[in-house]
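Please open the model in a viewer and keep the selection tool at hand. The stops below say what to select and what is to be found there.

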Amino acid sequence: MRKPLAALLAVPLLIAACGTADDEGGSPAASGGATKVKLQLQWFTQAQFAGYFAALDQGYYTEQGLDVQILEGGVDIVPQTVLAQGQADFAVAWVPKALASREQGAGITEVAQIFQRSGTYQVSWADSGITSAADLKGKKVGNWGFGNEFELFAGMTKAGLDPGKDVTLVQQQFDMQALLRKDIDAAQAMSYNEYAQLLEATNPATGRLYQPSDFSIINWNDVGTAMLQDAVWANTEKLENDEAYQQTTVKFLTASLKGWAYCRDNPQPCRDIVVAKGSKLGASHQLWQMNEVNKLIWPSPNGIGLLDEAAWTSTVDLSLNTKNQDGETVLTKKPEGLAYTNEYVQQAIDRLKGENVDVTGANFTPATVTLNPGGA
């Protein structure tokens with residue numbers, strides 16, 4: 001039996017070794033003139049978070065007077081909960097997941113929307129006949145759960161399907177083996193990770209790597225049910241009452257956005273930074289990931305990190321109206337209080353403009369990446 005949404009968002013946290021974000025619950029502690037800051041990632045070390053690692057490696061956090069520690073995520077870590085419990089100063093989390101936690105009492109506020117587009121795919125074999133959400137009817141549909149399935153359910157709902165009745169939902173591992181074995185008809189994949197795993201696998205019929213033409217992709221951006229993903233979240237109470245934390249937020253965002261601009265212009269060095277930080281994924285896979293993540297961020301016409309209110313409203317509306325297989329919605333009411341603010345990221349953007357940093361990436365051109373077997 002799959003866990004209900006509330007249980008999934010309350011996964012036990014493996015954070016005993018993380019310490020606290022500050023000494024007595026106030027602003028991040030200062031050490032040697034630098035303000036200590038902890039950032040909780042949503043997942044394991046990989047190019048999905050390259051901008052933060054680059055900001056650390058290139059000294060951008062140091063320039064802002066910050067001593068930043070990046071906390072790796074994982075299956076058993078819920079970043080927005082780590083933040084709400086005071087174990088981190090900032091966290092990276094998908095918006096619908098964070099809003100669900102917020103509705104349950106987490107005191108968090110979005111302060112920067114890094115990804116402008118969704119990276120979630122539903123992938124099938126090209127000969128499956130599955131080219132739209134409606135084609136999933138009667139099929140075995142893989143998904144990871146843990147709040148990653150919201151766009152899939154929204155897409156099926158828009159197509160007139162009931163996720164609880166019209167498809168067979170299969171709990172998918174965080175890889176593509178079930179699709180490769182044809183145990184399922186459609187698999188969840190991120191454009192920057194699991195989709196690449198398919199293209200790194202060898203086709204036994206040809207002895208060569210699979211090609212994009214071997215697969216069919218449903219892109220939720222095209223369907224119209226994409227939801228906002230990687231965003232930076234901060235502590236709501238501190239944003240409202242702690243001037244030092246407010247200043248730290250601007251400094252942290254300034255350095256982080258500068259890191260992302262560096263990775264846009266230097267994808268291979270950023271790949272190398274992430275690999276050196278201990279990524280378990282191979283070098284060609286990480287370069288693919290860096291390139292695909294850049295596509296989700298750039299161009300940012302209004303400035304990187306600035307939240308588009310229309311995209312926010314769409315994500316909230318989908319969260320209010322899309323039901324899962326148990327008839328539950330992600331949210332039961334619209335977010336209340338300080339759910340998001342562009343105040344601090346706008347200050348960060350203005351500072352970077354003063355340094356002549358390109359904050360929009362209007363001329364961004366994706367690189368061409370060749371994958372190796374197994375992502376090596």
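**Stop 1: helix 11 and helix 13**

Helix 11 and helix 13 make a left-handed crossing, a term for the near helix being turned anticlockwise from the far one by less than a right angle, with clockwise counting as right-handed. This is a predicted model, in which local features need pLDDT of at least 70 and side-chain atom pairs count only at pLDDT 80 or more, while totals for chains, interfaces and linings use all residues. Residues are numbered from 1 along each chain as its sequence is written, and side-chain values use heavy atoms, with hydrogens and water left out.

Select residues 243–265 for helix 11 and residues 283–297 for helix 13; their axes are 10 Å apart and the packing angle is about 120°. Helices (H or I, at least four residues) and strands (E, at least two) are DSSP runs, numbered from the N terminus. Axes are lines fitted to C-alpha atoms, for helices over the stretch in contact, and angles run from 0 to 180 degrees between N-to-C directions. The two helices, helix 11 and helix 13, are therefore oblique to each other; angles under 35 degrees count as roughly parallel, over 145 as roughly antiparallel, 65 to 115 as roughly perpendicular and the rest as oblique.

Now show the side chains of Trp-260, Cys-263 and Arg-264 on helix 11, and of Met-290, Val-293, Asn-294 and Ile-297 on helix 13, which make the contact (heavy atoms within 4.5 Å).

**Stop 2: the disulfide**

The link of Cys-263 and Cys-270 is left-handed, with -85° about the S-S bond. Are Cys-263 and Cys-270 buried or exposed? Both Cys-263 and Cys-270 are buried, that is, under 20% relative accessible area, with exposed over 50% and partly exposed in between (1.4 Å probe, protein chains only).

**Stop 3: helix 2 and helix 12**

Select residues 50–57 and 267–276: the axes of helix 2 and helix 12 cross at roughly 85° and come within 9 Å. Helix 2 and helix 12 are therefore roughly perpendicular to each other.

**Stop 4: helix 5**

Finally, select residues 95–103. Eight of the nine residues of helix 5 are buried, so helix 5 is largely enclosed by the rest of the structure. Its cover includes helix 4 (79–84), strand 4 (90–93) and helix 14 (309–321). Gly-105, which follows helix 5, has a positive phi near 120°.

Definitions and conventions: A disulfide is a pair of cysteine sulfur atoms within 2.5 Å.
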